Amino acid sequence: MHSTLEVKNISKGYHNHMVISDIAFTLQKGEIGCFLGPSGSGKTTLLRTIAGFEEVLSGEIWVEGSRVASRGFSVPPEKRHIGMLFQDYALFPHMTVFENVGFGLRSMKDLQKKTYIMDQLSTVGLEGVARKYPHELSGGQQQRAALARALAPRPRLLLLDEPFSNLDVALRERLSMEVREIIKEQRATALMVTHNQQEAFAMADRIGVISDGSLQQWDNAHAIYHRPANGSVAAFVGEGSLLPGTVIDNRRVECGLGILEGSFSSPCPIGCSVDILIRPEDVIHEDDSPFKAMIIHKTFRGPNILYTLRLRNGDSVLALVPSHHHHLVGQEIGIRPQVEDIVLYTRGVVCLTEMPDPNRRHKFQVHC
Amino acid sequence: MPQSEALHRRNAADFCYFALRNMTQSIDGWRVAVTAVAGLVAVPLLVIISSLLRPTQGIFDHLVEHVLPGILTNTAWLVLGVSLGTLLLGISLGWLTGACDFLGRKTFSWALLLPLAMPTYVLAFIYLGLFDFSGPVQTAFRTHFPHSGFSFPDIRSTAGVIVVMILALYPYVYMFARSAFMTQGKSSMEAARTLGLTPTGTFFRVCLPMARPWIAGGLMLVIMETLADFGAVSIFNFDTFTTAIYKAWFGFFSITAAAQLSSILVFIVFLFIILEQLSRRRMRYTQGGGLGLETSRIKLVGGSNWAAFLFSLSVLLAAFVLPFIQLLSWTVEVFHLEFGSRYFWLVGKTLFLASIAALVICSVAIVLAYAKRRHRDHYTSGLTRMATLGYALPGTILAVGIFIPVARLDRVIVHWLNSYFGYEASTFLQGTLIIMFTAYLVRFIITGFNPIDSATQRITPSIDEASRLMGVKGFSLLRRIHIPMLRNGLLTALILVFVEVMKEMPITLMTRPFGWDTLAVKIFELTSEGEWERSALPALALLLAGLVPVILLMRKSEK
């Protein structure tokens with residue numbers, strides 16, 4: 001059994017600037033993958049390369065066990081059987097919703113085609129607007145029409161380019177769940193890109209964090225959040241702070257929050273200087289705790305309050321506290337760190353993953 | 001280090017690969033086509049400017065001494081008067097129909113665009129006919145008040161021609177000002193009111209300054225039309241550059257002197273082109289924001305309601321309704337005398353020329369729009385803009401600037417044909433329609449390009465990609481996606497160019513081959529003999545044709 005999509009160390013770019021470099025991952029049948037990264041990180045280019053609109057400079061792309069792209073070789077997009085949901089939907093304005101969805105179906109007989117299209121429309125809940133034109137639909141309806149069109153030819157892989165960015169926030173959350181259900185129902189394999197982590201968490205089975213054109217981590221949502229592979233993933237996903245500290249032994253580390261004990265995300269030699277990732281929910285507020293910190297900023301968030309605290313040694317951490325614990329800026333409150341898995345990155349020792357190249361932007365990966 | 005050397009070598013190979021690919025990609029049919037059309041604009045300009053260096057046996061000195069001061073003053077007065085008048089009418093009517101509500105506002109807001117259908121020269125001869133000493137107005141006045149002693153000011157004056165041109169051209173300012181007032185949103189007006197400005201203060205300190213780039217854009221069109229006008233000024237015997245160029249060529253038979261006069265006009269036009277491009281740029285930055293005024297129009301009541309109504313009505317009467325009625329009544333008078341088989345020929349030729357020109361021009365416009373779509377670089381967009389700048393060049397200049405190089409080319413071709421094939425004739429290109437069509441192309445390409453370009457912009461790259469992913473590409477992509485999506489834009493372009501060519505006067509007059517008279521040329525010939533009544537029939541035909549694009553425009557602005 002082959003993976004639906006296998007991307008082997010692809011790079012793309014121009015002689016002095018790599019848009020994506022050395023990206024490798026696999027996606028199994030029925031999985032939804034998601035690339036998460038800031039704008040300009042190369043994630044859309046990656047998607048367009050998989051679709052076949054761009055060529056790779058090196059590396060290979062395999063779809064269901066056959067090679068579709070390598071250096072100097074590219075199966076044309078229409079021969080790849082890949083569907084795509086575009087950011088602007090790209091619905092054909094002169095065709096009805098029905099005609100749009102039927103556009104990619106050519107080998108079907110008319111009658112069969114008609115029932116099939118109506119079936120597709122009813123799975124996305126658009127059977128009532130089949131005869132309407134795209135401009136007569138709401139944004140959410142347009143998106144679902146585009147989804148139905150992309151899924152109708154039963155593509156081997158569905159690509160989604162920032163599928164929710166044109167919708168308002170309230171609609172986004174609901175639609176991302178709906179779209180996930182539709183994709184799962186049709187047993188399609190999908191890969192999307194977004195800069196919004198909530199969308200990625202809501203939609204994806206596997207998430208890839210991408211920055212400066214390289215893949216930082218390819219894992220499930222839980223691991224991305226709780227065990228980020230490096231500082232840049234930790235900084236991009238979720239909130240938190242990196243506290244400087246020193247390793248005491250193989251389970252304990254000392255930092256501004258005192259001595260923390262737990263299993264390390266990666267083994268570190270004793271005495272090694274490290275950065276420890278502290279998430280806001282790792283800092284528990286307890287009025288009678290002897291350990292005090294001063295509030296320097298607070299943000300009310302409804303169910304809870306996000307406090308920015310200054311520790312005794314001058315470092316600061318974030319603490320997420322239920323919102324009935326109401327304190328003023330400048331007050332000192334008692335806190336207690338609660339960390340079982342300690343995520344830490346060695347400071348100062350930077351191991352290069354590849355040859356430094358003066359023409360490329362430097363890319364470091366941190367590990368012990 | 002071997003690894004870095006290998007990497008370096010690979011980079012060098014990549015560099016060569018991409019450099020080569022860039023080079024071969026940059027020379028392609030689309031870019032060549034855009035460059036060629038831009039060249040059609042550049043060549044006449046270069047020919048005209050370089051003509052300043054050529055001798056003319058004293059004709060130009062004569063013109064500089066005796067003609068130039070007069071036409072410079074006339075042009076200055078004309079531009080100044082028409083600008084002020086169109087601004088006054090355009091802004092006030094734009095504000096009334098765009099931001100206020102008064103009796104008949106909805107009707108006026110489209111009806112005030114109707115004068116766009118009337119070629120300036122048609123309005124000019126109607127006014128001359130109406131207000132001449134022997135015209136109906138003065139005659140009626142003399143019959144009713146035989147002893148009043150009041151004498152009418154001469155309509156054949158600077159003021160007369162200015163008034164006529166204001167009435168014909170104010171819709172440009174009106175159209176832009178109105179849409180600016182309508183789109184600028186009520187939030188900025190409300191902000192001004194909360195900051196303590198009165199409604200009048202708000203108009204002068206917020207709304208008018210915000211609409212300035214649009215108004216400037218409309219005004220620039222008015223000025224270009226004024227500088228380019230040939231028909232109206234020649235009917236009024238009011239000498240400007242365009243009439244002087246015509247007389248230099250067809251009176252003194254010195255095309256070089258005509259070119260030299262043109263070069264001065266070119267400099268004036270260029271000044272305004274630069275101003276126009278600047279105003280357009282600012283239009284982009286200040287656009288949008290806030291809700292439309294539709295819900296919060298200023299309701300005019302009592303006296304101001306009636307004043308607004310009467311003002312709008314009198315402009316509409318003066319600029320369109322009365323001239324239209326006069327035209328109809330003249331047509332009825334002369335119809336049985338004038339109408340005959342000659343007219344079928346005339347109309348047939350006009351329609352034929354306009355259709356062929358529309359087809360040629362729109363085909364070129366499609367090429368330009370596709371080139372711009374395929375190459376989103378500075379080279380292509382810059383040249384596309386240059387290729388569509390010809391609308392600013394007066395027809396008289398284009399006629400001269402294209403005739404000269406074609407005539408020179410013709411001499412070379414004839415010489416060549418003569419020496420190799422024994423071809424015995426003095427001309428090859430001259431006497432064909434080629435000069436006229438080239439001039440039409442340069443002047444009206446933007447008319448065809450704009451609707452086609454906005455249609456092609458709707459075909460986003462992702463639409464192409466979406467259909468490609470579903471296996472539709474090449475000719476099938478063109479047939480199933482592009483042609484249906486372009487159809488309306490193309491149709492609009494064809495109609496607009498068709499009507500423009502029909503109404504065109506100076507290019508046709510100066511470059512038509514023998515026997516190729518159009519309705520506009522007929523009007524020129526009849527009006528130069530003062531035959532107003534007989535001019536009415538062809539003028540009415542042009543007016544009716546001219547209504548088609550105005551209706552298209554109204555429908556577009558309603559959306």
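In this predicted model, strand β3 (residues 32-36) of chain A pairs in the parallel sense with strand β10 (residues 206-211) of chain A over four bridges. Strands count as paired when DSSP finds at least two bridges between them. Helices (H or I, at least four residues) and strands (E, at least two) are DSSP runs numbered from the N terminus. The model scores ipTM 0.76 and pTM 0.79.

Residues are numbered from 1 along each chain as its sequence is written, and chains are lettered from A and ligands numbered from 1 in the order in which they are written. Because this is a predicted model, local features need pLDDT of at least 70 and side-chain atom pairs count only at pLDDT 80 or more, while totals for chains, interfaces and linings use all residues.

**Chain A: overall**

- Chain A holds eight helices and 23 strands, and its C-alpha trace spans about 75 × 50 × 35 Å along the principal axes.
- Of the 368 residues in chain A, 38% are buried; a residue is buried if 20 or more other C-beta atoms lie within 10 Å of its own, exposed if 12 or fewer, and partly exposed in between, with C-beta atoms placed from the backbone.
- Among contacts in chain A with a separation of 6 or more, 64% join residues 24 or more positions apart; a contact means that the C-beta atoms of two residues, placed from the backbone, lie within 7 Å.

**Chain A: the six-stranded sheet**

- The strands β3 and β10 belong to an open sheet of six strands in the order β7-β8-β9-β3-β10-β11 (chain A), with mixed pairing.
- The edge strands are β7 and β11 (214-219) of chain A, each of which pairs on one side only.
- Neighbouring strands of this sheet are turned by 20° against each other on average, direction ignored; axes are lines fitted to C-alpha atoms, for helices over the stretch in contact, and angles run from 0 to 180 degrees between N-to-C directions.
- Cys34(A) has Ile207(A) in β10(A) as its bridge partner.
- Helix α1 (residues 43-51) of chain A lies across β3, β7, β8, β9 (190-194) and β10 of chain A and runs at about 150° to β8(A).

**Chain A: positive phi**

- Most residues other than glycine have a negative phi.
- Ala90(A), not a glycine, has a positive phi of about 50°; Ala90(A) lies in the loop between β7 (82-85) and α2 (97-102) of chain A.
- Ala90(A) is buried, because 25 other C-beta atoms lie within 10 Å.
- Glu162(A), also not a glycine, has a positive phi of about 40° and is found in the loop between β8 (157-161) and α5 (169-185) of chain A.
- Glu162(A) has 20 other C-beta atoms within 10 Å and is therefore buried.

**Domains**

- Chain A is divided into domain 1 (5-231) and domain 2 (239-346), with bounds that come from an automatic or database domain assignment.
- The centres of these two domains of chain A, taken over C-alpha atoms, are 39 Å apart.
- Five residues of domain 1 of chain A are in contact with seven residues of domain 2 of chain A.
- The domain assignment of chain B gives domain 1 (27-54 + 339-528) and domain 2 (57-299), whose C-alpha centres lie 27 Å apart.
- The contact in chain B takes 25 residues from domain 1 and 24 residues from domain 2.
- On the domain 1 side in chain B, the elements giving two or more residues are α2 (29-50), α16 (395-421), α20 (506-511) and α21 (519-528); α16(B) gives the most, with seven residues.
- That side of domain 1 of chain B divides into 18 nonpolar, five polar and two charged residues; Ala, Val, Leu, Ile, Met, Phe, Trp, Tyr, Cys and Pro count as nonpolar, Asp, Glu, Lys and Arg as charged, and the others, Gly among them, as polar.

**Chain B: helices**

- Helix α11 (residues 241-250) of chain B is mostly covered, with eight of its 10 residues buried; Phe241(B), Tyr246(B) and Trp249(B) are among them.
- Met210(B) is found in helix α9 (residues 199-228) of chain B.
- Met210(B) is partly exposed, because 18 other C-beta atoms lie within 10 Å.
- The C-alpha atoms of Met210(B) and Phe181(B) are separated by 8.5 Å, and the two residues are 29 residues apart along the chain.

**Chain B: confidence**

- The mean pLDDT of chain B is 85, and 91% of its residues reach 70 or more; pLDDT is the predictor's confidence in each residue, from 0 to 100.
- Among the elements of chain B, helix α1 (residues 2-26) has the lowest mean pLDDT (58) and helix α10 (residues 231-235) the highest (93).
- Over residues 285-293 of chain B pLDDT stays under 50, and the model has 18 contacts beyond four places in sequence for this stretch.
- Where pLDDT is low, the predicted coordinates should not be read in detail.
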